[in-house]
Amino acid sequence: MTLDDYILAHTEPEPDYLYRLWRATNLHTIHGRMASGHLQGRLLKMLVRMISPKNILEIGTFSGYSAISMAEGLNDDGHLYTFEINDEMEDFTRPWIEGSDVVDKIDFIIGDALIEAPKLGIMFDLAFMDGDKRTYRDCYEMVMGILKPGGFILADNTLWDGHVIDQAYDRDHQTQGIESFNDYIAADDRVEQVILPLRDGLTLIRKK
């Protein structure tokens with residue numbers, strides 16, 4: 001047994017529906033590893049339980065795994081708005097969201113969150129950033145404008161397979177986007193932040 005196996009064996013079991021979604025994502029999409037998976041999915045649900053947000057913004061739905069995971073942790077009056085800019089994912093993702101037990105808590109929107117999310121007229125308690133890494137700083141500033149004081153941002157992939165400290169990737173635009181974002185957050189006195197070395201890196205950010 002590996003340490004990862006041990007961790008999963010002592011973590012809340014992955015719901016069967018989400019396991020089937022994870023498997024389908026890996027079988028039928030090019031970038032299946034982008035799905036959150038068992039450990040991160042249960043962490044997202046737990047963080048939602050702890051924060052008790054009324055409104056969650058997700059940027060980057062992909063196959064819907066993280067959206068469903070977070071929606072599982074919402075209170076009865078909570079709601080999640082998730083944006084996916086790649087309209088080619090809609091035919092795969094929408095049926096999985098609509099077939100879940102938490103469909104009534106999720107609005108799945110095809111479009112650019114940087115443009116469309118502020119138009120909702122909602123102040124959010126929690127945001128999960130998992131979109132284009134090249135625009136993470138712009139995305140962050142957009143979110144900060146519609147995030148309540150004391151609200152949280154979860155930014156995914158902030159270690160980027162370790163590329164952030166690998167000079168071989170210095171000219172890679174996505175790596176540059178993540179590095180720029182990490183440096184920017186570290187110097188931003190409007191927030192408190194900590195990077196968790198979970199999977200590909202997850203930064204927890206609290207707006208003061």
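**Close-up views of a predicted model**

R190 is partly exposed, with a relative accessible area of 34%. Here buried means under 20% relative accessible area, exposed over 50%, and partly exposed in between (1.4 Å probe, protein chains only). This is a predicted model: local features need pLDDT of at least 70, side-chain atom pairs count only at pLDDT 80 or more, and totals for chains, interfaces and linings use all residues. Residues are numbered from 1 along each chain as its sequence is written, and side-chain values use heavy atoms, with hydrogens and water left out.

**View 1. R190 and D188 form a salt bridge.** The N to O distance is 2.8 Å. A salt bridge is a side-chain nitrogen of Lys or Arg within 4 Å of a carboxyl oxygen of Asp or Glu. By this rule the count comes to twelve. D188 is buried, at 10% relative accessible area.

**View 2. Strand β4 pairs with β1 and β5.** Helices (H or I, at least four residues) and strands (E, at least two) are DSSP runs, numbered from the N terminus. Two strands pair if DSSP finds at least two bridges between them. β4 covers residues 124-129, and six of its six residues are buried. Four bridges join it to β1 (residues 55-59), and the two run parallel. L57 has A127 as its bridge partner in β4. Five bridges join β4 to β5 (residues 147-156), also parallel. F124 has L147 as its bridge partner in β5.

View 3. The closest N and O atoms of D125 and K148 are 3.3 Å apart. D125 counts as buried at 14% relative accessibility. K148 is partly exposed at 33%.

View 4. L18, L21, A24 and T25 are buried in α2. The buried residues pack against α3 (37-51), α4 (65-72) and α5 (90-98). Contact means heavy atoms within 4.5 Å.

**View 5. R42 and E12 meet in a salt bridge.** Their N to O distance is 3.5 Å. R42 lies in helix α3 and E12 in the loop between α1 (3-9) and α2, so the pair ties together parts that are 30 residues apart in sequence. E12, R42, K45 and E72 are linked in a network of salt bridges.
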